[in-house]
Amino acid sequence: MPGEHEPMKRRSPVAETGIAADAVVARARAWLREAGRVVVFTGAGVSAESGIATFRDALTGLWARFDPQALATEAGFRADPALVWRWYAERRAAVAKARPHAGHAAIAAYEARGGRRVDVVTQNVDGLHRRAGSRNVLELHGDITRVKCLEGCGTPESIDAAFDWRGDPREPPPCPRCGAPLRPDVVWFGEFLPEAVLAEAQRAASACDAMLVVGTSALVHPAAELPMLARRGGARLIVVDPAETAIDDIADARIRAPAAVALPSLLAE
Ligand code: APR
């Protein structure tokens, strides 16, 4: 594990422009090479170069007049199930068209190389890390390609096994077990994260030697607490994001670049 750190105090982040940028990347590469346990914590930005809009990008087209924070809630769904179902159907179609990019592939290759434990903890619901080949993936906010019963009568798997809801023209289709509407199996605003997944993510964050944070504004809790947990556990914190994030001031290295550009060189052998 890299050197112990002073207690949680504001740290002047390492420079990230010009020649200093190479030094920053070199330092971060060394930490990621030496680390025995690494958590890669990602948000919507890691999928941006796969063509999936980040959550806080203004919604475009038909959805520009809706607030995602209203659509992505149980109350929003109950108020207009067809509208919210249609919004998710469009996002599912965008996800199906999207392909993992070089950054996703670099993360999967880094894990496959072996010699260390790598856990990907993502806030994304697009499944791109798994499609890129990452194996240890914790999806804190669920999976947009899965559905579950609005009244909680059945597990997503049993519903997928029970009937092919994807071809069903009803918006939303009824649960095959109880007839209540089906809903996306994602965590909506105001809902709890899946307990076991969050506990596993917190354990991995507390125990890691390095946390690579990619493409998250780190604003939405409890996921946003994970970098703090890692720092408390003595981990090096490396942030890859073209813009400022809420955890920049506790980062050991900030790499101001898009994920598909920065990750292949950062994680190369
Ligand atoms: N590469 C890396 N980072 C990028 C890129 C890119 N190509 N493009 C944008 N970003 C960064 C942005 O600068 C921003 O910091 O990705 C981050 C995206 O932030 P958000 O849109 O807030 O997404 P996220 O942090 O994942 O949101 C967290 O909030 O709305 C809820 O449940 C939703 O999971 C989501 C959670």
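Modeller: One term before we start: helices here are DSSP runs of H or I with at least four residues, numbered from the N terminus. Leu198, for instance, has its place in helix 8. And keep in mind that this is a predicted model.

Biologist: Noted. Is Leu198 buried or exposed?

Modeller: Leu198 has a relative accessibility of 14%, and the cut-off for buried is under 20%, so Leu198 counts as buried.

Biologist: What does Leu198 touch, leaving out residues up to four places away in sequence?

Modeller: Leu140, Leu193 and Pro222. Leu198 and Pro222 are 24 residues apart in sequence, and their C-alpha atoms are 8.5 Å apart in space.

Biologist: Where is Pro222?

Modeller: Pro222 sits in the loop between strand 6 (210-214) and helix 9 (226-232). The peptide bond joining His221 and Pro222 is cis, with omega at about 5°.

Biologist: What about the bond from Glu171 to Pro172?

Modeller: That bond is cis too, with omega near -10°. Pro172 is in the loop between helix 7 (156-162) and strand 5.

Biologist: Back to the loop between strand 6 and helix 9. What is the phi of Ala218?

Modeller: Ala218 has a positive phi, about 55°, even though it is not a glycine. Ala218 lies in that loop between strand 6 and helix 9. At 7% relative accessibility, Ala218 counts as buried.

Biologist: Okay, changing topic. How many aromatic pairs does the structure hold?

Modeller: Four. One of them is Phe77 with Trp188: the ring centres are 5.5 Å apart and the planes are at 35°.

Biologist: Why do you call the pair of Phe77 and Trp188 tilted?

Modeller: Planes under 30 degrees apart would count as stacked and over 60 as edge-to-face, so the 35° of Phe77 and Trp188 makes the pair tilted.

Biologist: Which parts of the chain does that pair link?

Modeller: Distant ones: Phe77 is in helix 3 (residues 74-79), while Trp188 is in the loop between strand 5 (182-186) and helix 8 (195-207). The two residues are 111 residues apart. Phe77 is buried at 0% relative accessible area, and Trp188 is buried at 2%.

Biologist: And how do Trp87 and Tyr88 pair up?

Modeller: Trp87 and Tyr88 are edge-to-face, with 5.0 Å from centre to centre and 70° between the planes. Trp87 is buried at 3% relative accessibility, and Tyr88 is buried at 2%.

Biologist: Which residues do the ring pairs link into a cluster?

Modeller: Phe77, Trp87, Tyr88 and Trp188.

Biologist: What sits over the ring of Trp87?

Modeller: The charged end of Arg91, 4.6 Å from the ring centre. As for Arg92, that residue lies over the face of Trp85, 5.0 Å from the ring centre.

Biologist: Let's do helix packing. How do the axes of helix 5 and helix 10 cross?

Modeller: The axes of helix 5 (residues 102-112) and helix 10 (residues 259-266) come within 7 Å and cross at roughly 25°. Angles under 35 degrees count as roughly parallel, so helix 5 is roughly parallel to helix 10. The crossing is left-handed.

Biologist: Which residues meet there?

Modeller: From helix 5, Ala102, Gly103, Ala106 and Ile107. They meet Ala259, Ala260, Leu263 and Pro264 in helix 10.

Biologist: Last one, the overview. What does the secondary structure come to?

Modeller: Ten helices and eight strands. The protein chain has 269 residues, and buried ones make up 48% of them.

Biologist: What share of the contacts is between residues 24 or more positions apart?

Modeller: 68% of the contacts in the protein chain with a separation of 6 or more.

Notes:
Residues numbered from 1 in each chain as written. Predicted model: local features only at pLDDT ≥ 70, side-chain atom pairs only at ≥ 80, totals over all residues. Heavy atoms only, no water. Phe/Tyr/Trp six-rings, centres within 6.5 Å; stacked < 30°, edge-to-face > 60°. Buried < 20%, exposed > 50% of the residue type's maximum accessible area, 1.4 Å probe, protein only. Lys NZ or Arg CZ within 6 Å of the ring centre and 35° of its normal. Axes fitted to C-alpha atoms, helices over the stretch in contact; angles between N-to-C directions. Parallel < 35°, antiparallel > 145°, perpendicular 65-115°, else oblique. Left-handed = near helix turned anticlockwise from the far one by under 90°. Contact = heavy atoms within 4.5 Å.
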